[in-house]
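I opened the notebook on salt bridges today.

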Amino acid sequence: MNPLSSPLLADLYQFTMLQSYIEQDMEETAVFELFVRKLPPGRNFMVAAGLEQVLEFLENLEFSPEELDWLATRFPPHVITYLEKIHFDGDVHAMPEGTLFFPNEPILRITAKLPQAQLVESRIINLMHFETLIASKAARSVLVAPDKLLVDFGMRRAHGAEAGLLAARASYLAGFSGTATVLAGTLYDIPLFGTMAHSFIQAHSDESAAFEHFARSHPGNTVLLIDTYDTEAAAHKVVTLAKKLKTEAINIKGVRLDSGDLAQHARNVRQILNAGGLEDTTIFASGNLDEYQLHALLSANAPIDGFGIGTALDISSDAPALDCAYKLQEYAGKPRRKYSEGKATWPGRKQVYRNHGSDGYMAGDIVALAENDPQQGEPLIQPFMQSGKRLHPSPSLHQIRNQTIANYKRLPISMTAPNPAPVYPVTISTALKTMADQLDRERAMHDREAAK
């Protein structure tokens, strides 16, 4: 059993509520929507990601005999009988992965019998939250350095193995060039990149010998780490080695910098390489980088061709969580609304319409009712699953990545910088406001009657 596909990967209260639902015969259709309440500090938009993993989880939802045996020690027999037969047979509507979105816009809608829709909440949030978080972080580096090689280096400091894998997927979806995580290459067909560690240099008694041994082992992809000792001295050694290897048709593809003043080292190394005839040898930088440092390095015209971004990306260090929620919006054919202070929701099934200006850039969104509300732009929420079955094959990750990059081209210029931009306009439709007002009046009337 793969624990990451288990329906037990849920909060306990999903099961306690399920028991009460089935005991009270509350199995009519429910509609839940997943949305983000507000942008993290510094963010201008978010990138939807994780839908593919949600669809896989839902279409494979079932309990194993071992899981049912374990649950039987905690729940009564009628609950176990119910869970023996449970499969997801509901509908899924969502924004396609790679869609740019904003607060209070649903990115996923689950329509299913209430116990089913409730049971899957925790894992759905877990998957969509994390990949959206990382894709939104990665997008900022892609926009800062659109023409540079960007590689996910963060698996070793990710919060667990699944997080490392999904971070590789989410960052590639957002426009990164690839990852250093080998398993992500096999699972998701993401291009792999890697060089060497300082230990490889230290294991040799001579730095030049280390460079030569590595070059001969990897003649088609020789990228040498040159800052273990003296960076500029190592660059001169690379030039000397390149001349020696040239007769054997072995070219040094690039060098990597991982410490110190990266901008100044890059300038010095570029000068040394060029003087030695290695104008085509690239410079790759890593070492606790994020989008802000990329912006600073490129603004300083540092001659760096690519970047490895690790910890800051895989844990989204400046914004490690999204204020997201999966809330009931309709049950038994009636709209529902949460009124909690600071967390009130807009009721009903919703659609998000996007409008563009005459210049082609995004100009504003409208959150409207999915039904009985006139279409007011490009609809972003699409059907993906009906009665538990996918409606169409999923696009490849490469196709999603290409579409995400195309989506960036429609962002207003002010929103592409790593600094906060003016708030993007998201309007609530008149029909949706009217529905909310009607529910407010009904609730107030009910409260008055109950108080008598």
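Entry 1. I started with Asp-365 and Arg-354, whose side chains form a salt bridge at 2.7 Å, N to O. I placed Asp-365 in strand S15 (residues 362-369) and Arg-354 in strand S14, eleven residues apart. I looked up burial next. Asp-365 has a relative accessible area of 1%, so I logged Asp-365 as buried. Arg-354 comes to 6%, so Arg-354 is buried as well. I note that the model is predicted.

Entry 2. I turned to Lys-350 and found a salt bridge to Glu-33, with the closest N and O atoms 2.8 Å apart. Lys-350 sits in strand S14 (residues 350-356) and Glu-33 in strand S1 (residues 29-36), so this pair ties together parts 317 residues apart in sequence. I logged both Lys-350 and Glu-33 as buried.

Entry 3. I checked Lys-137, which forms a salt bridge with Asp-318; the closest N and O atoms are 2.8 Å apart. Lys-137 is in helix H6 (residues 121-144), and Asp-318 is in the loop between helix H14 (311-314) and strand S12 (324-331), so the pair ties together parts 181 residues apart in sequence. Is Lys-137 buried or exposed? Lys-137 is buried, at a relative accessible area of 2%. Asp-318 is partly exposed, at 33%.

Key. Residues are numbered from 1 along each chain as its sequence is written. This is a predicted model: local features need pLDDT of at least 70, side-chain atom pairs count only at pLDDT 80 or more; totals for chains, interfaces and linings use all residues. Side-chain values use heavy atoms; hydrogens and water are left out. A salt bridge is a side-chain nitrogen of Lys or Arg within 4 Å of a carboxyl oxygen of Asp or Glu. Helices (H or I, at least four residues) and strands (E, at least two) are DSSP runs, numbered from the N terminus. Buried means under 20% relative accessible area, exposed over 50%, partly exposed in between (1.4 Å probe, protein chains only).
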